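Subject: Structure handover

Hello,

Here is the structure I promised to pass on. My notes follow below it.

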Amino acid sequence: MKQDLIYFLPELIVSITVLFLFLLDCFIGKRSRRIFPVIAFIGIAAMMLANKSSSPLPSARFFSDMMVFDHVSVLFKYIFGLAGLIAIVIANGSHELEKVDKANYFTLLTALVLGMMLLANAHHFLMIYLSLEMVSLLSYILTGSLQGSRRSSEASLKYVIYGGVASGIMAYGISILYGLTGSMTLTGVAEFLRMNAVSKTALYTSVLMIMAGFGFKVASVPFHMWCPDVYEGAPTPFTAFLSVGPKAAGFAVLLRFFFGALSQTTTSGIEPIKIIGLPALLGGLSIATMTLGNLAALQQKSMKRLLAYSSIAHAGYMLLALVALNAEAVTGVIFYLSVYLLMNLGAFLVLIIVGDQLGSEDISVFQGLSKRGPFAALLSIVMTVFMFSLTGIPPMAGFIGKFYLFGSVIKSGHYTLAVIGMLNSVVSLYYYIRVVKIMYFDEPVDGRNLTTPMVSHASTVFALALLTIYLGLFWNGLANIVGQAKLF
Amino acid sequence: MISINSYLFVTVLLFCLGLYNVITRSNAVGILMGVELILNAASLNMVAFAHFNGNLVGGGIFALFLIVLAAAEAAVALAIVVSIYRQFGTIDVEEATNLKG
């Protein structure tokens, strides 16, 4: 038990930070609320340091098989930590969140990071369900945190209804899987399925039902309906976090579920179990998700909705790698998630900077952005970098990410799927490049110039853009780290 | 002696009623009641399977946590419904539609 705490140290640090922030809220006056983001930032940064020191430890299961520690969980904790840090920087000083109670917002945001970390480490279905609900419940609250805003309330209502149904279906699916296999742990389920024959229909039903919960978290078809409405209604700094953090956590648990419970190690490596046609199911879901996301994004007027549908499409690309279900797929998904974190948060931050000053979130607000003064010209270049990277054009990091994703699919022999994925990237080119086009070739609707925003926002957006280009040119370092990641 | 099939019949019925409720109702509280039915179906399933598998711990504990989580989710959801009522003057989900596209 005592040595288990070594593996739990990063989570422990964030838990203590959250509890401390809750307590502080009772004792500190309304005027010194500025301390909350600082403490949350320090807590998450300390978590990342602890995570670094725990990374050489060997893989292990701890807390009576409830949780697992391995290299993949270390990498995911870095992703969550980075997303949390950037989300704190973005939210601190945003005009939209001025009226929101800072104490609540940053405490809940830190707790959300904790929930995502627990989800990425879960090995027992109870742990998976509890941490999934922790992430969901906090997301509902933060989505509705804009008091007196109709859009925010409506978004959180839609979110809580879809989320409640999805998690209910998932709980029912888990109960069927438990009845079939008599085991609640991922590896226990895999062990049972290797040794015994089970009813194909029942197993397929339970996997489909469990996919409802995971599909809801990563916004895959048919559980994507909440996504555009919630992204549009939620405060933009939280939307930015929602589009990368919980989505990454969803993919972490998807990887664990499919590699832990539904595949087996054979002489030629890891293979999906043969009883049910997993590649066909995931391939179908992935194609439907990316095609719907890309086609719906074509006709959006609001930038937030465009980015919402684009995030659905990106979930589709990452699901594609899961079809392969080989070691390269793990590398591909984690590499893509780290790159996606940079470029998507960057795109949202540009939208926040522009939207805060020009007072709109429509795509039309980008019209002639490059002609709105020197800072706007610089910001247009940065936005172009993010848009090209999201499309997957070299030399941006998005291209390398897609290269690894499609590489794992091709290696497993699913050529048709890889071709459909690439065709979808071509479709996405249209709506990403349209944003670039109107920034440079249209005239601004009024004569307002963009002023320089606060230093933290400006430096973050430039750092994200530089990293996006840097990883597109020198990806070897990150690829080596991610390539060594082993599940379980 | 009641067989496992009887339990499964009841839980499937509960699950389907819950899902039907969610799909057909437009009252937000009505929908939340449907979600509760689905969660109760899952809890009952857990306990029944735990009993018939001879392994009482896993399923029983899961059912306990499901009850707690259902309460937590209801608390959050009802708070959101109150906020919807303040903004829109109704809790009909078909009338609270500002976001479209």
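Please keep in mind that this is a predicted model.

**The interface**

I began where the two chains meet. Here 42 residues of chain B are in contact with 41 residues of chain A. Together the chains bury about 3,500 Å². Carbon and sulfur atoms give 72% of that area. On the chain B side, the residues that lose the most area to chain A are Phe62(B), Gln87(B) and Leu99(B). Those three account for 20% of what that side buries.

What holds for charge pairing across the interface? The count of salt bridges between chain B and chain A is zero. Polar contacts do occur: five residue pairs are counted between the two chains, with both residues at pLDDT 80 or more.

Three helices of chain B each supply at least two residues of the side that touches chain A: α1 (4-24), α2 (28-53) and α3 (56-88). The largest share comes from α3(B), with 17 residues. By residue class, the side of chain B that touches chain A has 29 nonpolar, 11 polar and two charged residues.

**Salt bridges**

Over all chains, the structure holds 16 salt bridges. Several of them join up. The linked residues are Arg151(A), Glu154(A), Lys158(A), Asp229(A), Glu232(A), Lys304(A), Arg305(A) and Glu361(A).

Take Glu361(A) first. Its side chain meets that of Arg151(A) in a salt bridge, at 3.3 Å from N to O. Glu361(A) sits in the loop between α14 (327-358) and α15 of chain A, while Arg151(A) is in helix α7 (residues 150-181) of chain A. The two are 210 residues apart, so this pair links distant parts of the chain. Arg151(A) is partly exposed, at a relative accessible area of 30%.

Glu361(A) also pairs with Lys304(A), where the closest N and O atoms are 3.7 Å apart. Lys304(A) belongs to helix α13 (residues 303-324) of chain A, and 57 residues separate the partners. Both Lys304(A) and Glu361(A) are buried.

Next, Asp229(A) and Lys158(A). Their closest N and O atoms are 2.9 Å apart, in a salt bridge. Asp229(A) lies in helix α10 (residues 226-233) of chain A and Lys158(A) in helix α7 of chain A, so the bridge ties together parts that are 71 residues apart in sequence. Are these two buried or exposed? Asp229(A) has a relative accessible area of 11%, under the 20% cut-off, so Asp229(A) counts as buried. Lys158(A), at 18%, is also buried.

**Backbone**

Most residues other than glycine have a negative phi, and most peptide bonds are trans. A few places depart from that.

- The peptide bond from Val221(A) to Pro222(A) is cis, with omega near 0°. Pro222(A) is in the loop between α9 (200-218) and α10 of chain A.
- The peptide bond from Pro394(A) to Pro395(A) is cis too, with omega near 10°. Pro395(A) is in the loop between α15 and α16 (397-411) of chain A.
- Ala219(A) has a positive phi, near 60°. This residue lies in the loop between α9 and α10 of chain A. At 1% relative accessibility, Ala219(A) is buried.
- Asp65(A) has a positive phi, near 65°. This residue is in the loop between β1 (60-62) and β2 (67-69) of chain A. Asp65(A) is partly exposed, at 31% relative accessible area.

**Cysteines and a proline**

Cys16(B), at 43%, is partly exposed.

Last, Pro374(A). This residue lies in helix α15 (residues 374-391) of chain A. Its relative accessible area is 72%, over the 50% cut-off, so Pro374(A) counts as exposed. The C-alpha atoms of Pro374(A) and Tyr78(A) are separated by 35 Å, and the two residues are 296 apart along the chain.

Best wishes

Notes:
Residues are numbered from 1 along each chain as its sequence is written. Chains are lettered from A and ligands numbered from 1 in the order in which they are written. This is a predicted model: local features need pLDDT of at least 70, side-chain atom pairs count only at pLDDT 80 or more; totals for chains, interfaces and linings use all residues. Side-chain values use heavy atoms; hydrogens and water are left out. Contact means heavy atoms within 4.5 Å. Buried area is the accessible area (1.4 Å probe) that two parts lose on being put together, summed over both. A salt bridge is a side-chain nitrogen of Lys or Arg within 4 Å of a carboxyl oxygen of Asp or Glu. A polar contact is a pair of N or O atoms within 3.5 Å; within protein, one must be able to donate a hydrogen and the other to accept it, and residues adjacent in sequence count only if both atoms are side-chain atoms. Helices (H or I, at least four residues) and strands (E, at least two) are DSSP runs, numbered from the N terminus. Ala, Val, Leu, Ile, Met, Phe, Trp, Tyr, Cys and Pro count as nonpolar, Asp, Glu, Lys and Arg as charged, and the others, Gly among them, as polar. Buried means under 20% relative accessible area, exposed over 50%, partly exposed in between (1.4 Å probe, protein chains only).
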